Amino acid sequence: MGRTTRHRGLTILMIAGALATGLPGARAAEGDAPFENDLMRLSEILGGLHYLRGLCNPNEGQKWRNEMQAIVDAETPSGERRAKMIASFNRGYRGYQQTYRTCTPAADLVIRRYLEEGSKLAREMTARYAN
């Protein structure tokens, strides 16, 4: 799973790069960006991964938190939107913190599903909103 995990992590980082370069039409004149719900979901997934991978693969250290930080910094350096992204990340983290104390087969399954969903979201957002 190491090589696949790195590939999926890189896919998630693509979204940060796309956001950093400024997605044409990414933000509506008023209100949320058209990809707002996907971005909040991705934030929650990264929070869950940060907690669960800490249990199941502690060698990753702060990898998932750092990826979230890159997305937050690229997308919105301050304000209410940033706070919403961070709250989504924390919700993902705390949800699993309340359930898992050790790495279990169920936790490993959640990790695999989150890696797949997060990669899919990142690919779709990049394809839809970057160039």
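1. Helix axes are lines fitted to C-alpha atoms, over the stretch in contact, and angles run from 0 to 180 degrees between N-to-C directions. The model is a predicted one, in which local features need pLDDT of at least 70 and side-chain atom pairs count only at pLDDT 80 or more, while totals for chains, interfaces and linings use all residues. Residues are numbered from 1 along each chain as its sequence is written, and side-chain values use heavy atoms, with hydrogens and water left out.

2. The secondary structure of the chain comes to five helices and zero strands, where helices (H or I, at least four residues) and strands (E, at least two) are DSSP runs numbered from the N terminus. Of the contacts (heavy atoms within 4.5 Å) between residues at least 6 apart in sequence, 77% join residues at least 24 apart.

3. Helix H2 (residues 36-56) packs with helix H5 (residues 105-129) at an angle of about 145°, the axes being 9 Å apart. Their crossing is left-handed, a term for a near helix turned anticlockwise from the far one by less than a right angle, with right-handed used if clockwise. On the H2 side the contact includes Leu 42, Ile 45, Gly 48 and Leu 49, and on the H5 side it includes Val 110, Tyr 114, Gly 118 and Leu 121. The residues of this contact divide into 13 nonpolar, two polar and five charged, with Ala, Val, Leu, Ile, Met, Phe, Trp, Tyr, Cys and Pro counted as nonpolar, Asp, Glu, Lys and Arg as charged, and the others, Gly among them, as polar.

4. H5 itself has 25 residues and reaches 36 Å from its first C-alpha to its last, close to the 36 Å expected at 1.5 Å a residue, the expected span being 1.5 Å times one less than the number of residues. Among the buried residues of H5 are Val 110, Tyr 114, Gly 118 and Leu 121, which also belong to the contact with H2.

5. The axes of H2 and helix H4 (residues 80-97) come within 7 Å and cross at roughly 40°. H2 and H4 are therefore oblique to each other, since angles under 35 degrees count as roughly parallel, over 145 as roughly antiparallel, 65 to 115 as roughly perpendicular and the rest as oblique. Their crossing is right-handed, and the contact has nine nonpolar, seven polar and five charged residues.

6. His 50, found in H2, is one of the residues of that helix that meet H4. At 13% relative accessibility, His 50 counts as buried, and, leaving aside neighbours within four places in sequence, His 50 is in contact with Gly 61, Gln 62, Trp 64, Arg 65, Phe 89 and Tyr 93.

7. H3 and H4 pack at an angle of about 165°, with their axes 10 Å apart, and are therefore roughly antiparallel to each other. H3 passes H4 in a right-handed crossing, in which the residues that meet include Trp 64, Met 68 and Val 72 of H3 and Met 85, Ile 86 and Phe 89 of H4.

8. Asn 66 is found in helix H3 (residues 63-75) and, at 44% relative accessibility, counts as partly exposed. The C-alpha atoms of Asn 66 and Leu 46, 20 residues apart along the chain, are separated by 9.6 Å.

Definitions and conventions. Buried means under 20% relative accessible area, exposed over 50%, partly exposed in between (1.4 Å probe, protein chains only).
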